[in-house]
Amino acid sequence: MREKLSEIQAKCFDAVKNANSLTELYNDVKVKFLGKNGEMTAVLRGMKDVPNDKKAEIGKLVNDTRAAMEKAIEEKEIYLTKLEKKAKLESEISDITIPAKKADIGSLHPLSIIKNQILDIFTGLGFEVKEGPEIETDYYNFQALNIPKDHPARDMQDTFYFSENLLLRTHTSPCQARTMEKQRPPIRMVSPGKVYRSDDDATHSPMFQQIEGLVVDKNITMCDLKGVLDEFAKRFFNSDTKTRFRPSYFPFTEPSVEVDVSCSICGGKGCRVCKGTGWIEVLGAGIVNPAVLDNSGIDSNVYSGFAFGLGVDRLTMIKYGIPDMRLLFANDLRFLKQFRNVR
Amino acid sequence: MKVPYSWLKEFVDIDVSAEVLAEKLVNIGFEVEEFIDLSKRIKNVVAGRISEIKKHENADKLRVCKVDIGKKTLQIVTAATNVKIGDFVPLALHGAVLYTGQEIKSGELRGVLSEGMFCGGDELGLTENDMDGAGDEGVLILHDVTPGQDINEIIGNNDTVLDISVTANRPDCQSIIGIAREVAAVLDKPFKMPDLSFNTTTKKSNIGVEVIAKDLCPRYMAHEVDNVVIKKSPKIIRDRLRAVGIRPINNIVDITNYVLIEIGQPMHAFDKTLIEDNKIIVRRAKNNEKIVTLDGKCNNLDDTMLVIADAKKPSAVAGIMGGEYSGINDNTKTIIFESAKFARDNIRRTSRTLNLHSDSSARFEKGIDFQTQEIGMKRALNLICSTKSGDICENSTDVHESFDAERTVKVKQDKISAILGIDINTDFILKTLNGLGLNTELINGTFVVKIPGFREDIVNANDVAEEIMRFYGYDHIRSTLLKDAAQTYGAKNEHYKISDRIKNVLIGLGFYETVTYSFTSEKAFDSLLLKKNNKLRTAAKLINPLGEDWSVMRTTLTHSLLKAVEYNQKMSTESGKLFEISKVFLPKSTPLIEQPREVEKLAFTVWDKEYDFYNLKSTVEAILEQFNVEYDYITSNAEFLHPGRSADIILANGLNIGSFGQIHPDVYENYELNVQTFIAELDFEALIANAVPFKGYKNLPKFPSVARDFALVVDDNLKIGELITCIKKFSEAVKDVTLFDIYKGENIPQGKKSVAIKVVIQSDEKTLTDKDIQDFTNKLLNTLKSNFNAALRT
């Protein structure tokens, strides 16, 4: 019996050594030696023939042998598993240079990208977003903003009319009047939207987008206007951007200013974009004319405010170097796809 | 406003260059749009003296001249017949550029070298009115010049003109003296008024003025000049008028134009013999009254318009243009100068209604104060005197409403700082305002500012603050980030947030956002095959569109997107996905009498030969899912969609919120599309309004679900949606129903189809047993059998 066991063990160790795969190890070793019909099972069956006084000794020997075999198989199994995983990994190699199928992801229109950038800056500064109708009445587009009928300031904006009283808004400023009628100070709002003027060339489109800004509160000054626009310019362009005010005229603000920003392309040294001046005109602004506050029922002796109007299309063209405004409205996919990775 | 530098210098002693002046003007709110160096227009043309003329050997009509230009003598071949030895002529040298833009090079004419060309008046931009002989055929003969002298110097073309943009609040600066006042203030120099003195005869004019429409004509001045000599104006007047783009005509017309530019007062001169009964009447026109104006146009007037008339007929449309027969002509002997103030809004309206525009009406529209009429009249009479153009009658007629020579605006000292946010030295404020002609004193902490007539724009403290600030300089404004303001909550509104979300979903699904014009053409409705009574044809129409293609406001986004698809297909882009969220304009009726409903729509389109109706349906459902709405489909009757491959979406409350499908074959032709195209247009606002809010977390199922597949044989014309809906509603235990195959052909009888469906069932109370499942299956199959005659495929 003892010889028999050591013979089986030697055979088993040999088989373990020769097994080259997990399948072989299982079929040719595990099943053959330890299985239901395996050699060790046969040995166990032979235990009944062992004399009683030898049973304890032989029994221990059988168990030891079986344990040694199991251990050998297990060790080999771990080794072979590692080997097979390694072989599998080595066989599974993709050619990473083969072009992938293009994932079909679209994008926002550049005008929306810029609009979002601007709104994000102003909402961060405590401005609410308001909207108004595109077909406006003469009152909200002009009269409420201190531009009476047949006032020469109407020539500043070529207007599309539907009737004597109905028109396409020429600016987002009607939202100033609409907001002030409904809301008491403190007011801090921005109002984005489409506006219309009868112009059509490389730098003017009959439809474009503006963002109006309005702050009405106690003690609002020109310095606060400068502070807000400085903050906007730094966040929209870069932290080195400066703003410059030039006197101008809008009927609904007084004093009124044109606002230039230092050219972010050349850093103010002068380039093609800023036409060599180092400055780019980006918006009009001013202190809300007391007449406009009074028109809307806000006491101009108590409150003051400022307003500004940004051209989204112009800022888009400046920021992305788009030379012709008409590209923004052609909706050529080859154009739109260029903005896929822009936020 | 074109301002010749030399003219400006007459009223203020400018000691800086034009460039430096321009920068200073920008800083005080006057943008200099352009520097026009008049001498740049004509280049390399000099005076030459003809010293020899010979016949051309090879041409009878040509002559060969030797011309002395000071430093040297050139040979010129000419066809001109009016030149003789000793004449001084304008000679365009090699490389010259003429007024006409023509460039001159030396070359051979019939084998003889010509080193330039003689010029006629027209080639130098001159007419007979500008210079004697300039209107003649042939070469212009010059007088009192030296050989080699630049032609620009000779013809007064050597000024620099500043083209200054004047804002609408400063009509007073639509004049040389207005700009001069600003220049004087910014340079801290005195401003000199033009010479307004004149001598009169002792003769009294018998002309009478009656102003009936006082509301439209607050002031009317008339002054008679006798023994008028119609002649050419002095060179300085002609040169200056030409420099600002006005053609000299004769001394009288030139004086009216000169005063318009210099003083900013439009003047008119009537020939007195053409005024019946010596009476000028300022009245409203009668309805259908007619007048032929100087430009030859017959105008049909109405009673909102103002005319200058005599006892019988209108002789001018007030402030806009004189009548054809009232003007100054070569035989005019006696004139009446008019210097008036007309209501600017009335001039503006009349000018637009009649489509009649002039320098005078442009000036009146901007507004003229009460005092300028007198200054203008005096300056005109001064020029009559200085040019010896006639004898001025003793009396002036001046009909006007009462007016204040001066107003007072009081501004508390601290109000200036409250507006600007900075403190400005009181001395600077006083010096600035006084320098602008706004006489100001500080009395008990209040600035008392006297506003002269020409500054109608200054009415309140903000206006005064602006005057101070533009001279103090905006670079003094500091940045304070709303330091005294209340804290506010800032955010996008709900509409923007939803819109952003839906855009992001579409972008994830491969769509590109577009921005298209809100304008469209009524022809678009034909391209979309819309029926005559389709409500979408009721579109708001512009009175003054840019053209037919831009004449109405769109009622649908579909046309705009199909145009974008058409464009991209023409650019050979084989496939693509576009979307837009924009407003359409839906009037109740047209023409528009009230603001129409503005409804935001969501439209998306796909062109791709691999795409089909069900791909589009999947995108539609992905969007609808975002709003958590229940909906159903009905057959669409949208005219622009393929009738067999389109559907409308109906919300649970019955609201139709849009259509989608493949476009109609005729629409492909109308838009020149060659790749199959699909489109959906949904009422975005209705979707937002009907969105069902998230109701919160629901417990996860406690018991396992079971899936069973069924292959059902049904009639071929059965709508599969009905089958699926029936299964979904069959029991609470049904959690999901999905279609995974439709099969027709072998082993399936004619007129039938096999529909493979997966049904997921689950109980909320227990784990389903085999028997539960078998019972469920039997009952379901029985129901489907009786409802649809559906049999399990064997």
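The structure is a predicted model in which local features require pLDDT of at least 70 and side-chain atom pairs count only at pLDDT 80 or more, whereas totals for chains, interfaces and linings use all residues. Residues are numbered from 1 along each chain as its sequence is written, chains are lettered from A and ligands numbered from 1 in the order in which they are written, and side-chain values use heavy atoms, with hydrogens and water left out. Chain B has a mean pLDDT of 93, and 100% of its residues reach 70 or more; pLDDT is the predictor's confidence in each residue, from 0 to 100. For the complex, the predictor gives an ipTM of 0.85 and a pTM of 0.84.

Secondary structure elements are DSSP runs numbered from the N terminus, with helices (H or I) of at least four residues and strands (E) of at least two. Two strands are taken to pair if DSSP finds at least two bridges between them. Strand E18 of chain B (residues 306-309) is antiparallel to strand E15 of chain B (residues 279-284), to which four bridges join it. Within this pairing, B:Arg284 has B:Leu306 of E18(B) as its bridge partner. E18(B) also pairs in the antiparallel sense with strand E19 of chain B (residues 314-317), over three bridges, and B:Val307 stands opposite B:Val317 of E19(B). E18(B) and E19(B) form a hairpin with four residues between them. In a regular strand, side chains alternate between the two faces of the sheet. Both faces of E18(B) are covered, with B:Leu306 and B:Ile308 buried on one side and B:Val307 and B:Ala309 buried on the other. Here buried denotes under 20% relative accessible area, exposed over 50%, and partly exposed the range in between (1.4 Å probe, protein chains only).

An open sheet of four strands in chain B has the order E36-E37-E35-E38, with antiparallel pairing. E36 and strand E38 (791-792) of chain B stand at the edges with a single partner strand each, so one side of each is left without a neighbour in the sheet. The pairing of E38(B) with strand E35 of chain B (residues 706-715) is antiparallel and comprises two bridges; in E38(B), B:Leu792 is the bridge partner of B:Leu712. The loop between helix H18 (684-690) and E35 of chain B contains B:Asn699. This residue, B:Asn699, counts as exposed at 68% relative accessibility. The C-alpha atoms of B:Asn699 and B:Asp775 are separated by 27 Å, the two residues being 76 residues apart along the chain.

Helix H15 of chain B (residues 558-570) has 13 residues and reaches 18 Å from its first C-alpha to its last, close to the expected 18 Å at 1.5 Å a residue; the expected span is 1.5 Å times one less than the number of residues. Ten of the 13 residues of H15(B) are buried, so the helix is largely enclosed by the rest of the structure. Among these buried residues are B:His559, B:Glu566, B:Asn568 and B:Gln569, as well as B:Leu561, B:Leu562 and B:Val565. Just after H15(B), B:Ser572 takes a positive phi of about 65 degrees.

Grid points are joined across faces, edges and corners, and a volume is the space filled by probe spheres set on the points. The second largest pocket holds about 1900 Å³ of space. Its lining comprises 39 residues, of which B:Lys617, B:Glu621, B:Tyr633, B:Gly721 and B:Thr725 lie nearest the centre of the pocket.

The structure holds two cavities of 30 Å³ or more. The largest cavity has about 110 Å³ of space, and its lining draws on both chains, including A:Tyr249, B:Phe30 and B:Arg470. Strand E6 (243-250) of chain A and helix H12 (461-472) of chain B are the elements that give two or more residues to this lining. The second largest cavity has a volume of about 30 Å³, and its lining includes A:Lys115 and B:Asp500.

Definitions and conventions:
1 Å grid on protein atoms, 1.4 Å probe; cavity = no way out; pocket = protein on both sides within 12 Å on 5 of 7 lines; lining within 4 Å.
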